[in-house]
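Here is a friendly walk through one protein model. Please have the sequence and the coordinates open as you read.

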Amino acid sequence: KQRVAGRRVLDIGCGNGAFLLAAREAGWQPCGVDNSDTARELLARSGIEVWVTDPVELLRQQPAHFDFIHMNHSLEHIPRASETVIAARTALAPGGVLYVEVPNEFDNLVYRTLELLGRKRRAGSAFGRSKPPLEPSPHLYFFNKKSLARLAARAGFAAFDVHARRREPLELSAAEMAAALSALLGAGPFLTLTAQVSTAKG
C-alpha cells in the first residue's frame, strides 16, 4: 500500500465498481467514469466519485492527472474509442500506465474452431455457411493485436505491449484448455494493451 498510497486510478466503464473497491483497498485513490447513473449512485455509497459523462471530455480536462487508467471490456463499447485512448495518454502523469482489455473476436483460435464446428453441425459441411447471429453484436469496435498496437502508437505511447491471453484461473474444462492453447499460440480469447508514459516530465 505504501508504494501506491495517494496515487490516482481511473476506471473507464466502472460498472458495479468491483475494480475501484479493490484498488482502494490496495491503497489507490479511486474514481470512475461510466454511462450509467446506477454506477454513480452505487459507488457514492462507498465514497467513490463516478462521473457520468463522455470519457474523452473528462480525460481532456485532467491533463497529467492519473497514475493508472483501467479499461476492462469497455473500449469496444465506446463510440469515440480511438479518441479515448489518445485522451488517456494526455491524462496520464509521467510514468503513468494505461491498461486495456478487449475481446479477441477475429484472431481467436477458439472462436474460429467453434464457428467451424458450428457450421459443420448446421450445414453438414465444414465449408457450409453459418446462420447470422440472432442479435447484432453489442460491440461498436473489434480489435486485433495490430489495431491495438497502431492505436497505442497513434496515441503517443513509446512503450507498450499487446498480448493475447485467457482468463485466470485456469479451469479443467475443454473450453479453458482450448483458450490456454490459443493464448500460447498468440490467439487467445482476450487482448490486453499495457502502455506507459515516459517518466521524464515535459
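## Model and confidence

This is a predicted model, in which local features need pLDDT of at least 70 and side-chain atom pairs count only at pLDDT 80 or more, while totals for chains, interfaces and linings use all residues. Residues are numbered from 1 along each chain as its sequence is written, and side-chain values use heavy atoms, with hydrogens and water left out.

The average pLDDT (the predictor's confidence in each residue, from 0 to 100) is 81 for the protein, and 71% of the residues score at least 70. Over residues 169-186 the pLDDT is below 50. Residues 123-131 also stay under 50, and the model gives them 13 contacts (heavy atoms within 4.5 Å) beyond four places in sequence.

## Nonpolar cores

A nonpolar core is a set of buried Ala, Val, Leu, Ile, Met, Phe, Trp, Tyr and Cys residues joined through side-chain atoms within 4.5 Å; buried means under 20% relative accessible area, exposed over 50% and partly exposed in between, with a 1.4 Å probe and protein chains only. The largest core here has 33 residues, and Leu 10, Ile 69, Leu 75, Leu 98 and Phe 157 have the most contacts inside it. Helix H4 (residues 81-91) supplies the largest share, five residues.

Leaving aside neighbours within four places in sequence, Phe 157 is in contact with residues including Val 85, Arg 89, Leu 98 and Ala 195.

## How H4 meets H6

H4 and helix H6 (residues 145-155) pack with axes 8 Å apart, at an angle of about 45 degrees. H4 is therefore oblique to H6, since angles under 35 degrees count as roughly parallel, over 145 as roughly antiparallel, 65 to 115 as roughly perpendicular and the rest as oblique. On the H4 side, the contact is made by Ser 82, Val 85, Ile 86 and Arg 89; on the H6 side, by Leu 151, Arg 154 and Ala 155.

Ser 74 lies in the loop between strand S4 (66-72) and H4. This serine is buried, because its relative accessible area is 8%. Not counting residues up to four places away in sequence, Ser 74 touches Ile 12, Gly 13 and Glu 101.

Arg 3 sits in the segment before S1 and is exposed, because its relative accessible area is 77%. Its C-alpha atom is separated by 9.7 Å from that of Ala 26, 23 residues apart along the chain.

Definitions and conventions:
Helices (H or I, at least four residues) and strands (E, at least two) are DSSP runs, numbered from the N terminus. Axes are lines fitted to C-alpha atoms, for helices over the stretch in contact, and angles run from 0 to 180 degrees between N-to-C directions.
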